[in-house]
Amino acid sequence: MINVYIELVTFAFHPQLYAHAHVLWLSFRGTMAADTALMLSLVEEYVSGLQDSKAKDTAKGVKDGEFTVLQLVEALGLSLTSSQPHTRARGVQLLSEVLQECYGGLTEREVEVLIAFYENRLKDHYVITPPVLQGLRALTKCTALPPGSAVSMLRSLFQDVHVQSLMLAERACVYNMLINLMETREAELKGLGADFVFGFVQSMDGERDPRNLLLAFQIAKSIVHRGYDLGKFTEELFEVTSCYFPIDFSPPPNDPHGITREELILTLRDVLAGTPQFAEFLLPLIIEKLDSDVQSAKLDSLQTLTACVSQYEHKDLAEFLEGLWASLRREVFQTSSEKIESAGLAALTALTSCLSRSVLNSDSEDSLCIFLDLVLKDCKHHLCEPDLKLVWPSAKLLQAACSASNRASHIIVTAVVPSIIEQYNNRTQCSHRRTILEVVQRFIQSVKTCQPPENEESVFGAFRSSLCSIVFSAVTETNASLQITASSVLTSLAQQTGLLLDSDIELAVDHLIRLLLMEDDDKVSLAVVECAGALAELHPAAFITKLIPRLKKEMFSDPMDQDNNREASEQQSHHALRQRCLSALAAVSIQPSVVQESTPVLLEVLSSAHTGSVGFSVEEVVLTCSSLQRIAEQVQDTEETGRCFHDIIIPRLLSLALQAGLQGEGSTGRRSPLLEEVVLSAMVPVISTSCSRLQPTLAEKTASRAVSLFLDGDVSFLPDNSFPSDIQLLKKQKGDSWSQSQMVCLLMGCVCSLPRSVEVPQMDQLLLQLEELSCTCSHPPSYTSAAKCFAGLVNKRAPGDSLDSLIQSTMKRVYSVLDSESSSVRTQAFTLMIWVARALLLRYHPLCTALIDKLFSLLDDADLGPMAADGFSLLMSDSSDVLNRSCHADVRIMYRQRFFSENSAKLVQGFNAAPQEKKPNYLKALSNIVNKLPKQVQVTELPALLSLLLEALSCPDQGVQLSTLSCLEPVLIDPPAALIQQLEALVNRLLALTSSRAMNVRIVSLRCIHAVSRFPVHEVLPFRARVLRALARPLDDKKRLVRDEAVQARSEWFLLGSPGGS
């Protein structure tokens, strides 16, 4: 069969022998089996009837085993030997389409026969070439490709086909053939040597379509990266690809192919930068393109230079160094674009790094020294002119080269730093000195990126003494900006190994203490605190012995002890001093050894504030708690620090709070600051942060201690243990007393922040007590904290019947209270319900649905309606103290989106059915829900809710107005059709809100009006006169921020419809 087929192919190739081929085919056809009638019918309908769908039917027949590919070839005999080119083309096309579906089942012999057929057909009429290429592409995917067939196909392709004369799809077919063969037959293709590269160059030369260019660049990338022999065609391959550099392509709108300019740029860059053999051609091209006025061309050239020099050796760059340096210098000195400047500096770093890799021989030039001499010659002298604008470009260039390698940094630092130090000592103006110090800092930071080998001295080692001298000199100046810069330089010096001796560290600490105590400038204080934190992490000993004792002494000096008539301004100054000391104590407490010394000072502040032995204000007590929280967040997570918090800090906080709670108002009438709600609220994050980071064993002990204290009154673990034995912190207190019950927030901080793996003891009893307290207590902070603690425990409790029965029992109690309008604890029951609903919502618990439905029903309640509307904000917002991921709560992804999708329809239905006086509650609820959704979801979902949102803009509640405007603002950037249809109502409501009493509402409404001006001109032009009149009033608003927005919005509307306008 195969022999007859080959003979047919041979005859069919010669047009003058078609008649003989036809007779041969008829004699051969008589031997075919009768069961091929179906196949013959499919072939006839496809070739003669032009029914393209029959190709799929034929392919299905081959897949199902009804007939083979060679039987198909037999059936195509008359078509393939026809004297009509179009008939032959249809026959080949059918075969190729079937092969695209069935190439996987071909044998090696069948593939060999088909390749021979297709190779011959490449010499046939041009209309047959496209289907032939499709068939060959299918065959390149075959696993049974015979040895040598890849080379045979490519030789025929390169010899018989002029690729660039083909249509787009056929050219893509050729490129895909090459890609397939390079993936599977790389060794054979490399055997072609440079002939393969030449054939590809001829095929690609003149390609213009970006889709095909992407394929061609991928082939070229493989050629240069996989070690194909370029031979004498290196320049030709470079020329055929580099003619597209830099890429200038803008995809059409809504391009279905998804080809982007960035994709083409990166693929071409991989080609050009892929081999050092291109260096002699590419580097002059980059220098030429850097002279372009097109910013994108400059950027692409610089990024390509950065990429290519990483592959090059110093000898590849040697003859182009001067030209490259001149171009890079110009781009940094003269550019107005930060992107181009950054790309130029990155290219300089990469170039210097490449030269640094050169291996020096006794008879070779040092390319790095030659290049850096050029850099120093053009830049060094500008550093001696700190009042001129070229000092910073020069410094950036030197620093970019300095950061490339340790060797480069030695050369540049040795050449530059002495003159910089001399300049500092010769200058007297603070602005000049500050500039010089900033330059020094940049050099230190650039050297930091290329640390010297181990045991090798820092490149700044020779200048250590001089650098310390100028930094300490600057710290003693009175100029604030100079002090700030000096603090930053001091931090950078400390981070370089060996630049600060122990004596330097002690001197630095002395200066920092002086600045903390003497300087009132907030910016200076912030810089000093940051510097102290950085130095304390590296050199903790000096801060333990010097800074902490001095700060303690200053904080505990009471201004009222010296003079009862001291001026209020001096007391305020002392308050600011304490603030700085507290911030500094927190900043330096990173190492465990420092924490062991700093935290007792902060705890003593709280104790003194409670006893009144030293007069600390409530604000200072809150700042002390904030410092403890910061320490808990930043301290190194070790067993030592865990025990410090578990054994000392948490028990001490609980003890002080309990002392204050038991003391109540006190017999003397003095009120402890620790009774204040704001102080207890500041203690909660200290406890919760530290508990969330405890090791499992310590976490279990903490949970046990906290529960036994609040349930059983066990005070055995508390310091200063002089408490009564009948403490009942979760019981309702007599009368209206709440000083003890409000401590439940500390219980929440302990047990609700522990990992879910930690088992809380006496859980059932604890939940019952919390439920009772939350439903009966009259003190808002107490019952709210109890509800949050209850919810936090429910969120982490393991699923099962126990949890479900607990929730159902709680819901039954809550519902009974809420349904009783005469109940005095409806607010308490609602608070518990909303927090439990949030706890269940976060973990997707099925019982959450009933609670949400109850919340919807309460929107119609006369008393609780507004509170229910605010409850939706609580459901959708992040909570800082409980039910968040940092507290190890069970929080599922995208819970907000799920809540919205399940409940938005209910909200709309409720709004439509509600009486007029209740509709504001629904609008507020909608605004609270939508405002907390991710912006992408808002843009997608808002058109369906647009009518309600426009109603919400008319709601008198300013919070609803603001949140609704915040929702609308991103949607106005790309308005949906539904919004444009409501343009009249939108503009009217927005203009009305520009006169709102709330400044934030006025600002956002003006931004929205500004965004509306960018709508299609024919839609908004009718509103122009009305908007301009309305915006005249905000131009005279008493608030500058409002006036700024009004000017921008009115300018856009004024230019609307005019040439150059919107």
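**Before you start**

The model is predicted: local features need pLDDT of at least 70, side-chain atom pairs count only at pLDDT 80 or more, and totals for chains, interfaces and linings use all residues. Residues are numbered from 1 along each chain as its sequence is written, and side-chain values use heavy atoms, with hydrogens and water left out.

**Stop 1: helix α11**

Select residues 168–184, helix α11. Helices here are DSSP runs (H or I, at least four residues), numbered from the N terminus. The 17 residues of α11 should span 24 Å at 1.5 Å a residue, and the end C-alpha atoms are 25 Å apart, which agrees. The expected span is 1.5 Å times one less than the number of residues.

Now colour the buried residues. Buried means under 20% relative accessible area, exposed over 50%, and partly exposed in between (1.4 Å probe, protein chains only). In α11 the buried residues include Glu 170, Arg 171, Tyr 175, Asn 180 and Met 182. Show their partners next: the buried residues of α11 pack against α9 (129–140), α10 (149–160), α12 (186–191), α13 (194–204) and α14. Contact means heavy atoms within 4.5 Å.

**Stop 2: Ser 222**

Move to α14, residues 210–225, and pick Ser 222. Is Ser 222 buried or exposed? Ser 222 is buried, because its relative accessible area is 15%. Leave aside neighbours within four places in sequence, and Ser 222 touches Met 182 and Tyr 228. You have met Met 182 already, among the buried residues of α11.

**Stop 3: a cis bond**

Go to Pro 246, in the loop between α15 (234–242) and α16 (261–272). The peptide bond from Phe 245 to Pro 246 is cis, with omega near -5°. Most peptide bonds are trans.

**Stop 4: helix α20**

Select residues 321–334. This helix, α20, has 14 residues and reaches 20 Å from first C-alpha to last, close to the expected 20 Å. Which residues of α20 are buried? They are Leu 321, Leu 324, Trp 325, Ser 327, Leu 328, Glu 331 and Val 332. They cover an arc of only 165° around the axis, so they sit on the same side of α20. The arc is that of the directions from the helix axis to the C-beta atoms.

**Stop 5: Leu 551**

Pick Leu 551 in helix α30, residues 540–555. Leu 551 is buried, with a relative accessible area of 0%. Leaving aside neighbours within four places in sequence, Leu 551 is in contact with Leu 516, Leu 517, Cys 581, Ala 584 and Leu 585. Draw a distance to Ile 513 as well. Leu 551 and Ile 513 are 38 residues apart along the chain, with C-alpha atoms separated by 8.0 Å.

**Stop 6: a helix pair**

Show α39 (residues 763–776) with α40 (residues 780–796). Their axes come within 8 Å and cross at roughly 145°. Axes are lines fitted to C-alpha atoms, for helices over the stretch in contact, and angles run from 0 to 180 degrees between N-to-C directions. Look for side chains at the contact: Leu 766 and Leu 770 are among those from α39, and Ala 787 and Phe 790 are among those from α40.

**Stop 7: two positive phi angles**

Most residues other than glycine have a negative phi. Tyr 844 is not a glycine, yet has a positive phi of about 60°. Find Tyr 844 in the loop between α42 (826–842) and α43 (848–857). Tyr 844 counts as partly exposed, at 25% relative accessibility.

Met 894 also has a positive phi of about 60° without being a glycine. Met 894 lies in the loop between α44 (865–876) and α45 (895–913). At 51% relative accessibility, Met 894 counts as exposed.

**Stop 8: helix α55**

Finish at residues 1040–1054, helix α55. Its 15 residues reach 21 Å from first C-alpha to last, close to the expected 21 Å. Val 1042, Glu 1045, Ala 1046, Ala 1049 and Trp 1053 are buried in α55. They cover an arc of only 100° around the axis, so they lie on the same side of α55. What covers them includes α52 (999–1012), α53 (1017–1020) and α54 (1024–1030). The face turned away from the buried side carries the exposed residues Arg 1040 and Phe 1054.
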